[in-house]
Each structure stands twice: as C-alpha cells, then as structure tokens.
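Here are my notes on the model, jotted down as I went through it. Have a look at the structure first, then read on.

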Amino acid sequence: MKTKDKLMQTKTLGELAAHVGGTVIGDASIQIKSASTLDKAGPGEITFLSNKKYVPQVKDTSAGAVIVAEAIDSRASLLVVEDPYYAFMQIVVLLHGHRQHPQTGVSPQASVAATAKLGAGCNVHPFAVVCENAVVGKNCQIYPGVFIGPNVSVGDNCIFYPNAVIYDGCVVGNRVIVQSSAAVGQDGFGFATHKGAHHKIPQIGRVILEDDVEIGSACAIERGTLDDTVIGKGSKIGDMVAIGHGTKIGAHCLLVPQVGVAGSVTMGHHCVLAGQVGVVGHIKIGNLVKIGAKAGVIGDVPDGATIVGTPAIDAGKARRAYSLIEYLPEMKKKIKEIQRRMDKTGNTDE
Amino acid sequence: MKTKDKLMQTKTLGELAAHVGGTVIGDASIQIKSASTLDKAGPGEITFLSNKKYVPQVKDTSAGAVIVAEAIDSRASLLVVEDPYYAFMQIVVLLHGHRQHPQTGVSPQASVAATAKLGAGCNVHPFAVVCENAVVGKNCQIYPGVFIGPNVSVGDNCIFYPNAVIYDGCVVGNRVIVQSSAAVGQDGFGFATHKGAHHKIPQIGRVILEDDVEIGSACAIERGTLDDTVIGKGSKIGDMVAIGHGTKIGAHCLLVPQVGVAGSVTMGHHCVLAGQVGVVGHIKIGNLVKIGAKAGVIGDVPDGATIVGTPAIDAGKARRAYSLIEYLPEMKKKIKEIQRRMDKTGNTDE
Amino acid sequence: MKTKDKLMQTKTLGELAAHVGGTVIGDASIQIKSASTLDKAGPGEITFLSNKKYVPQVKDTSAGAVIVAEAIDSRASLLVVEDPYYAFMQIVVLLHGHRQHPQTGVSPQASVAATAKLGAGCNVHPFAVVCENAVVGKNCQIYPGVFIGPNVSVGDNCIFYPNAVIYDGCVVGNRVIVQSSAAVGQDGFGFATHKGAHHKIPQIGRVILEDDVEIGSACAIERGTLDDTVIGKGSKIGDMVAIGHGTKIGAHCLLVPQVGVAGSVTMGHHCVLAGQVGVVGHIKIGNLVKIGAKAGVIGDVPDGATIVGTPAIDAGKARRAYSLIEYLPEMKKKIKEIQRRMDKTGNTDE
C-alpha cells in the first residue's frame with residue numbers, strides 16, 4: 001500500500017474533458033490537480049454535482065471546475081457530461097489513481113507451501129500463508145496475515161488485504177478484492193439437532209467469488225453444505241455482510257454494509273440491498289430488485305420490485321404505511337370516540 | 001485444512017441404512033459415493049427430504065437414493081428413518097468426513113511462550129501465538145494468525161481457525177471450534193461517564209466457552225466487567241454475533257448470524273435466536289425460547305415462548321399484527337369516512 | 001497482556017473513600033481486596049448500587065461495602081459519593097488496574113520497515129507489521145498480527161490488540177485503543193455504476209481517530225472518498241460497528257455494538273446510539289442526541305432529541321405508537337363493527 005498523494009498529477013480541464021468525452025463551458029486551460037467535495041473544493045480542484053439540491057452551492061463554489069450533466073449558473077468552469085458521477089470516477093482514477101502496491105515479491109517471512117503455485121508478479125507479504133496445493137494467478141497482492149487455504153484457486157490481479165481468510169478449496173476469480181479480516185468459506189451454520197444436541201454437518205460445498213467481486217472488511221461468506229455459495233461477477237459486498245451457506249448472489253449486485261442473507265437464497269442480477277437488510281433462507285429474489293435499509297424480507301420477490309419494511313412490502317405502499325405507525329395512538333382514540341358517539345345516540349348493535 | 005474430496009468413500013445403500021438404523025425401500029445394493037441436494041443429486045448420490053413442499057421433486061429425482069421419514073412415491077430408492085436430517089448428517093460424516101487437519105506439529109514459525117503448555121498432538125501453525133502461562137489440551141488445531149492470550153486455558157480437541165483471538169485469561173472447554181477472526185474476551189463496552197467524558201472501566205471478568213461450543217467468524221464475545229461471560233455447553237454461535245459483558249447463554253442454544261445480545265442477560269437452554277435479533281441488557285430469557293428474525297427483545301421472556309417483532313411479542317399475535325401495518329392507510333381512510341358519515345347524519349357529539 | 005489478579009491489592013474502606021472523595025457510613029477500617037457484583041460480593045469486597053430497583057438487595061448483601069449516592073439501609077458499610085458509578089470505576093482501577101502490558105520491546109519476529117519510526121517504550125509483538133514511513137509515538141502496544149499501514153501516524157500510549165488493521169495514511173491520536181480484528185481505513189463502499197457495471201472509485205480520504213477513542217472488535221471504519229472520516233475525541237465505538245466514508249462522529253459519543261452509520265453523516269458531540277441502530281447517509285445529527293436500540297434514522301435529528309423506531313421518531317411518541325402495533329387486529333375489527341352498525345341503522349353515505 002502506498003498513499004495516493006505521490007501519484008497526483010496535474011491536468012488541464014480540457015484534457016480532463018477529452019478523457020471523459022465531455023465539453024467545457026468556461027476556461028479549458030485551467031490546471032486541475034485534484035478532486036474534492038463540493039463544499040471543500042478550491043481553485044485547482046474539480047468537484048461534481050450529483051444531486052439537484054446542491055445547485056445553489058455550485059453557483060458560489062470556489063472550485064476550479066464542476067462536473068455537471070447540463071449547463072448551470074456557476075463561478076466555476078463546467079465540465080458537461082452525460083453521467084457526472086462516472087466521469088468523476090474516471091477523473092479521480094486519472095488524477096489520484098488506485099492504491100499502489102509496490103513490487104516486493106515473496107517475503108522470506110511469508111509461509112508458502114512447497115506444493116502451492118504462485119503466478120508471476122505476486123507479492124506475498126510477511127506473515128501471509130499460502131497453503132498446500134493452492135494456485136494463485138499473476139500479479140496478486142497477498143498482504144500480511146492473509147490466509148490462502150489448501151486447494152484454494154485464485155485468478156489474476158486479486159488483492160487480499162491484511163488478515164483476510166480464504167478457507168480450503170474456495171475459488172476466487174480475477175480482479176477480486178477482499179478487504180481486511182473478511183472470512184470466505186468458513187463453515188456454514190448447519191447443525192442437525194437430535195435429542196437436544198446440535199450435531200455439526202460437514203460443510204462440503206465451497207465459496208466461489210466470480211470476477212471483479214469485492215468483499216468488505218469482516219464479512220462472513222459461508223461455504224455451502226453440499227452445493228457452492230456463489231457471489232456473481234461484478235457484485236460488491238460491503239463490510240460485515242453475512243452470506244449463508246449455498247446462497248447464490250447474481251451478477252452486479254450491491255450489498256451494503258451489515259446486510260445478512262441466510263442460506264439457500266437465489267438472488268438475480270443487479271439487485272441493491274441497503275444497510276442492515278435481512279433476508280430469510282430458501283427464497284428467490286428476482287433481477288433488478290431494490291431493498292430499502294433495514295428491511296426484513298420473508299418471501300420471494302419478483303423482478304424489478306422495490307421493497308422496504310419488516311415484513312418487506314412494496315416501497316410506495318410501505319413508506320406511507322410505516323409512516324402512519326406514528327399516528328396509531330390518535331387512530332385508537334378516534335375509534336374510541338366514534339364508539340362513544342354511536343352508543344350515545346342509540347346507534348346500538350343489539 | 002484439507003478438502004474432503006480425498007476422503008470420499010463409496011458405501012451401498014444397505015450399509016448406509018445399517019449405519020443410521022433405517023430401512024431401505026428399493027435397491028439396497030446400489031453404490032452411494034456422495035451426498036447432494038435434492039435438485040442436483042444424480043445416480044450414485046443420496047439426498048434427503050426435509051420439507052413436504054419438495055415431495056413432488058422426490059418423485060422425479062435423478063438421485064440414487066433419498067432419505068425420508070415415510071414411504072413416498074419416487075424413482076429413487078428410499079432410506080426410511082425417524083429423523084431424516086439427523087441421518088443425513090450421519091451419512092455426510094460417513095461419506096465425506098469432517099475437515100481433516102494433517103499432523104504438522106508446532107511450526108518453527110509460530111511463537112509459543114516458554115511458560116505455555118501444549119498437550120500432545122497439537123498443531124500450531126506459522127504465525128500463531130500462544131502466550132505466557134497459556135495451557136492448551138491435547139490435539140488442538142491452532143491455525144495461522146491465531147492469538148491465544150496469556151493465562152488462557154483450552155481443553156482438548158479444539159480448533160481455532162486463522163486469526164481467531166482469545167484474550168488473556170479466558171477459558172475454553174473441550175471440542176470447541178472458533179472460526180476465523182472471532183474475538184473472545186475483548187473488553188466489554190463499559191464506561192463511567194463523568195463530567196462529559198467516558199472513563200474506561202477495567203473489565204476483570206473472563207469469557208468461558210463450555211464444551212462443544214462453536215463461535216462463528218468475526219464474532220465478538222465480550223469479557224465480563226466483574227463477572228464472567230458464559231456460553232453454555234453445546235451452544236452454537238453464528239457469524240458476527242455480539243455478546244455483551246457478563247451475559248450467560250445457556251446450554252444448546254442456537255444464535256444465528258448477526259444476533260446481538262447486550263450485557264448482563266441470562267438466557268436459558270435450547271433457545272433459538274434467528275438472524276439479526278437484538279436483545280437489550282439486564283433481562284432474563286427462559287428455556288426453550290424461540291425468537292424470530294430481526295426481533296427486538298426489550299423485556300423478560302418466559303420459558304417456551306415464541307416471539308417476533310420490535311418490540312417482540314407473542315409470535316401468533318405478532319405475525320397478524322405486523323402484517324396489518326400494510327393496511328394502516330386504508331384503516332385511516334375508513335375512520336375518516338365513518339366520522340364524515342356520522343357528522344352528516346347529525347350523529348354529533350355535542 | 002497479563003491478567004489483573006497479580007495486581008490486586010488491599011485497601012481499607014477509609015482509604016477508598018479518601019481516593020474517591022466520599023464518606024463512610026459504617027466501619028472505615030475494613031479491608032477491601034476486590035470489586036464485585038451486587039449479588040456475588042462477599043466480605044472483603046465492594047460493590048455499588050446504580051439502580052434503585054436493587055435497593056432491597058443492598059439491605060441483605062454479604063458485601064463488605066456498597067457504593068451509594070445516599071444513605072440506605074444495609075448490612076454492609078456504605079461509601080456515599082455523588083456519582084457511584086464513577087467512584088466504582090475509580091476503585092476498580094485502584095484495586096485491579098487496567099490490563100498490564102509487560103515491556104518486551106520490538107520482537108525479532110515482527111516486521112518493522114526501515115523507514116518506520118517507533119517512539120520510546122513501544123512493544124511490537126511477533127508477526128506485527130509496521131510499514132514504510134509509519135510514525136508511531138511513545139509507549140504503544142502493537143500486538144501480534146496487527147498491521148500498521150504505510151504512512152500511518154499514531155500518537156502516544158495507544159493499544160492495538162491482535163490482528164487490528166490500520167490502512168495506509170490513517171491518523172491515530174493519543175491513548176487510542178483498537179480492539180482485535182477491527183478495520184480502520186479500508187476502502188469506502190464507493191462505486192460509479194455505468195452501463196450496468198460498478199466501477200470502483202479510489203478512496204483518497206483517510207480515517208482520523210482523535211485522542212482517547214476506542215474502537216471495538218471487528219469494526220469497519222471506512223476511509224473517505226475525498227474527505228476524511230473522523231471519530232471525535234473521546235468517542236467509544238462498540239464491536240462490529242460500521243462507519244461509512246466521510247462520516248464525522250463528534251466528540252464523546254457512544255456507539256454501541258452493531259450500529260451502522262452510512263457515509264457523509266455529520267454527528268454532533270455526546271450522542272448515544274444503542275445497539276443495531278442504522279443511520280442513512282448524508283444527514284446531520286445534532287449534539288446530545290439519544291437513539292434507541294434498532295432505530296432506523298432517515299432524516300436530520302435536532303440537538304437533544306431522543307428518538308426510537310423505524311422510521312425513528314420522538315421517543316415518547318414512538319414508545320406509545322409502536323406498542324400499539326400489537327392491537328392492530330383489534331382496531332381493524334372495531335372499525336369493521338362500527339361500519340356494520342352504521343350500515344344497519346341506515347347511517348348510510350348516499
């Protein structure tokens with residue numbers, strides 16, 4: 001790891017526009033040396049407008065330039081693009097770059113089994129362990145304290161941050177990132193209860209992390225009991241997410257920190273689960289499903305649904321319904337009043 | 001660690017029936033080489049029926065054999081037993097076995113204090129640490145990055161997976177399993193707030209893990225402030241479960257991933273807490289209590305209760321009540337209509 | 001680490017009273033050797049009364065002495081002080097002390113970069129890593145498996161428990177404690193989604209832990225995308241808390257285990273968030289705010305508010321409202337009855 005400050009390089013606004021395929025309104029020759037937030041950006045810095053509520057701030061910003069989707073009133077020069085947040089990402093990569101991993105090779109303080117295979121260009125840091133028969137592709141970063149278990153298979157260009165643990169036999173694709181202290185492939189929570197005692201069921205499935213997956217710090221991705229647990233291509237899993245045994249997460253999903261998905265769930269592609277969502281086991285969630293923060297999902301969810309609440313229901317319906325809980329005391333009072341009025345006026349139910 | 005594939009051995013269905021005390025309907029001579037899921041099992045594989053909704057799948061299964069509780073229509077041979085899930089567990093153990101831990105002894109790359117005692121047959125992997133005056137029993141597996149703190153006591157046949165941390169003075173029974181990066185005995189969240197500052201209270205209690213306990217990855221089991229935190233015999237704790245200081249979990253409980261139990265709780269035996277349940281501190285939960293996913297428990301719970309919701313109430317009541325939240329807008333509208341009708345018909349409350 | 005038993009020393013009750021500025025009712029000459037809980041304390045032990053519901057227990061306690069706020073009936077001698085819990089903390093520190101960290105220096109089995117700077121009196125344990133250009137102050141404890149990343153800055157008297165990870169460039173103040181396997185400064189969950197794929201945005205902000213902060217086990221404190229994530233002076237963060245990128249937690253806050261705060265939140269000072277609270281991103285929480293367990297906070301919160309529920313509302317209102325959910329079936333039934341009565345009596349709506 002190496003802080004990005006060293007990489008900072010200056011570009012003109014015009015060069016940035018060319019890089020992202022946008023157009024400049026204002027001075028294309030100004031020098032931009034870094035990206036910053038809308039309220040902190042100064043001259044020489046570029047920022048972006050992602051939400052219309054900040055339009056007034058753009059007007060008076062001290063930033064050198066602002067990335068926008070359409071021309072608006074601003075003291076700063078504008079870089080107009082179709083997708084400002086994506087352009088912003090491209091510019092942060094250009095100006096600052098991703099974290100650098102200097103070439104250090106295999107540390108003599110690491111433990112690499114004689115039967116393990118390491119591709120060219122891998123860094124294995126002190127106190128990392130690569131076990132018997134593990135196969136690691138090219139240019140992987142294996143930070144201190146990482147455990148790559150026996151018979152694990154890892155593709156190219158992966159990064160395992162300090163103390164990440166990949167249990168035996170798991171399969172990791174290319175360009176996968178596993179943050180610190182995450183567990184991939186620990187035993188599923190599977191016990192057969194017999195005469196009051198819980199008997200551990202061997203968990204003989206694996207975890208498969210497909211290409212371009214990222215796993216957050218302190219996650220727990222259980223291996224399957226019989227079948228594999230799968231995190232689909234391009235899916236990003238936030239910190240402290242728990243995935244149960246045998247669950248299949250589709251491609252390009254976003255699971256925000258502290259989500260929990262129980263075992264044997266099948267989830268489609270491009271789903272978004274907000275913070276602290278819980279999903280019960282053995283259900284099917286469609287494609288392009290959005291689940292609001294803290295929702296508790298207890299049944300199948302069709303393609304394209306947006307749901308919130310516990311139990312989770314259609315979001316439009318739920319937002320109105322859950323916001324009415326506050327008025328329950330008032331509703332109760334009104335019902336009582338009505339009954340009193342009816343009783344008084346002889347509106348009796350004989 | 002070693003993947004189970006190497007252990008696979010073939011048995012006849014008749015041999016499996018003898019092993020679990022069941023009876024065969026169909027061909028007892030067929031060879032079974034592995035266990036699989038109902039939808040994936042093929043010839044030479046055995047699967048099981050745990051839920052009646054899958055009866056139709058059993059009929060057309062390609063599996064060689066299915067474990068069932070009673071005779072049903074199926075292309076496959078049947079193994080009839082009283083408790084199919086328990087028999088399934090026994091058969092998975094027989095055919096695949098639990099994870100193997102090859103005998104490697106104490107690695108010269110481990111750090112074992114001169115005053116620590118290790119029983120016969122222990123494996124201490126590279127970069128594991130066993131501190132001063134720790135006592136570890138026989139045949140324990142201490143994986144890389146594990147920390148066994150000073151004065152810790154560990155029984156026989158325990159497994160500590162990579163980067164698990166047992167803080168100073170804690171007590172671990174026999175056959176205990178601690179998954180990767182779990183914390184056992186870190187300081188309880190105890191502060192005395194005085195004039196706006198929070199002063200740390202030394203946490204002088206311990207954590208005691210009784211025999212046959214399993215602790216999931218990234219769990220946090222706080223040591224007690226004065227008294228010990230205890231996880232009772234045979235209890236299984238899922239990933240990312242937080243247990244507060246001084247809490248006593250009884251025997252044979254199941255705490256599913258992401259459960260949180262605050263401090264000074266007393267819980268009986270054979271309780272089941274589903275995912276993301278939260279329990280406030282200083283309460284008493286009886287024996288054989290079942291708590292539904294995401295429930296928030298704010299008071300004592302009697303023996304045998306089944307509760308759900310936040311605040312958690314009797315499950316039967318709660319399921320109906322919480323499912324009505326969806327209809328609050330409709331209820332509100334009806335109350336309004338009724339009032340309007342009463343006002344119109346002169347049904348006034350003078 | 002070293003258990004506190006060795007440090008135990010006996011004091012008279014009079015000496016303890018002098019130490020905390022309190023007065024004795026009873027025998028000031030009795031010897032007190034340790035602190036204990038109200039129900040377990042015996043002769044020679046001191047305990048405290050923090051909650052009036054335990055007054056009857058104080059009467060018949062076997063404890064040698066009880067710390068109280070005012071004189072009450074008790075078999076034990078009393079130590080009367082203004083703030084019993086604070087006095088209790090002071091006495092536990094006096095009798096038992098905080099965890100001791102024997103001076104062991106820099107282990108030859110640790111990995112300290114040639115360019116790293118370590119202050120006087122630091123202990124760096126086996127298999128800990130201090131990377132290039134990291135600067136660590138005086139008397140810090142760096143336990144096994146800890147990772148202090150490149151360019152990290154650490155103040156004096158900090159403690160990093162086993163396997164804690166401080167990512168590159170983060171800033172840690174004085175007297176900071178980081179419990180086992182916590183992540184400080186891992187990448188924020190920031191992706192620009194373009195044509196269905198999620199592109200990682202370099203996270204170039206840092207995490208700043210101010211003086212006297214404590215971070216619990218398995219926490220995940222994300223670094224900022226552009227701006228820093230800050231945990232304010234004296235704030236205490238429980239186990240498994242997730243803090244999103246760019247969030248600023250004010251001074252002297254208490255965030256109890258399993259809390260999640262999304263990114264770009266600004267929180268004032270002296271806030272208390274109970275277990276499993278979730279806070280959405282981009283909102284402002286005032287000073288002295290209290291948030292009840294499991295609450296879901298979806299909007300700005302003014303200074304001094306106490307809120308609970310999902311969505312979180314004023315606590316007084318919420319406790320009544322949420323407790324009525326249980327009565328929804330009854331309310332629904334009553335509305336139906338009323339309608340039936342009205343229809344019957346010709347109270348019709350034309």
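The points below go from the assembly down to single residues.

1. Ground rules. This is a predicted model, so local features are taken at pLDDT of at least 70 and side-chain atom pairs at pLDDT 80 or more, while totals for chains, interfaces and linings use all residues. Residues are numbered from 1 along each chain as its sequence is written, with chains lettered from A and ligands numbered from 1 in the order in which they are written.

2. The copies use different surfaces, though: 20% of the contact residues of chain A recur in chain C. Contact here means that the C-beta atoms of two residues, placed from the backbone, lie within 7 Å.

3. The B–A interface. Here 61 residues of chain B are in contact with 57 residues of chain A. On the chain B side, helix 3 (84–95), helix 4 (315–323) and helix 5 (328–344) are the elements giving two or more residues. Helix 5 of chain B gives the most, with eight residues. Helices (H or I, at least four residues) and strands (E, at least two) are DSSP runs, numbered from the N terminus. By residue type, that side of chain B splits into 27 nonpolar, 24 polar and ten charged. Nonpolar covers Ala, Val, Leu, Ile, Met, Phe, Trp, Tyr, Cys and Pro; charged covers Asp, Glu, Lys and Arg; the others, Gly among them, are polar.

4. The A–C interface. What does chain A put against chain C? The count is 61 residues of chain A in contact with 57 residues of chain C. Helix 5 of chain A supplies the largest share of the chain A side, eight residues.

5. Domains in chain A. The assignment gives domain 1 (4–95) and domain 2 (111–317); such bounds come from an automatic or database domain assignment. Their C-alpha centres lie 36 Å apart.

6. Buried or exposed? For burial, count the other C-beta atoms (placed from the backbone) within 10 Å of a residue's own: 20 or more is buried, 12 or fewer exposed, and in between partly exposed. A:Ile215, in strand 24 (residues 214–215) of chain A, has 31 and is therefore buried. Beyond its neighbours within four places in sequence, A:Ile215 contacts A:Val178, A:Gln179, A:Ala182, A:Val184, A:Leu209, A:Ile221 and A:Ile237. B:Lys52 has 10, so this lysine is exposed; B:Lys52 sits in the loop between strand 5 (45–48) and helix 2 (55–59) of chain B.

7. Most residues other than glycine have a negative phi, and most peptide bonds are trans. The bond from A:Thr310 to A:Pro311 is cis, with omega near 0°, and A:Pro311 lies in the loop between strand 38 (306–308) and strand 39 (313–314) of chain A. B:Thr310 and B:Pro311 are also joined by a cis peptide bond, with omega about 0°. A:His282, not a glycine, has a positive phi of about 65° and is partly exposed, with 15 C-beta neighbours inside 10 Å. B:Leu288, again not a glycine, has a positive phi of about 55°; B:Leu288 falls in the loop between strand 35 (284–285) and strand 36 (290–291) of chain B.
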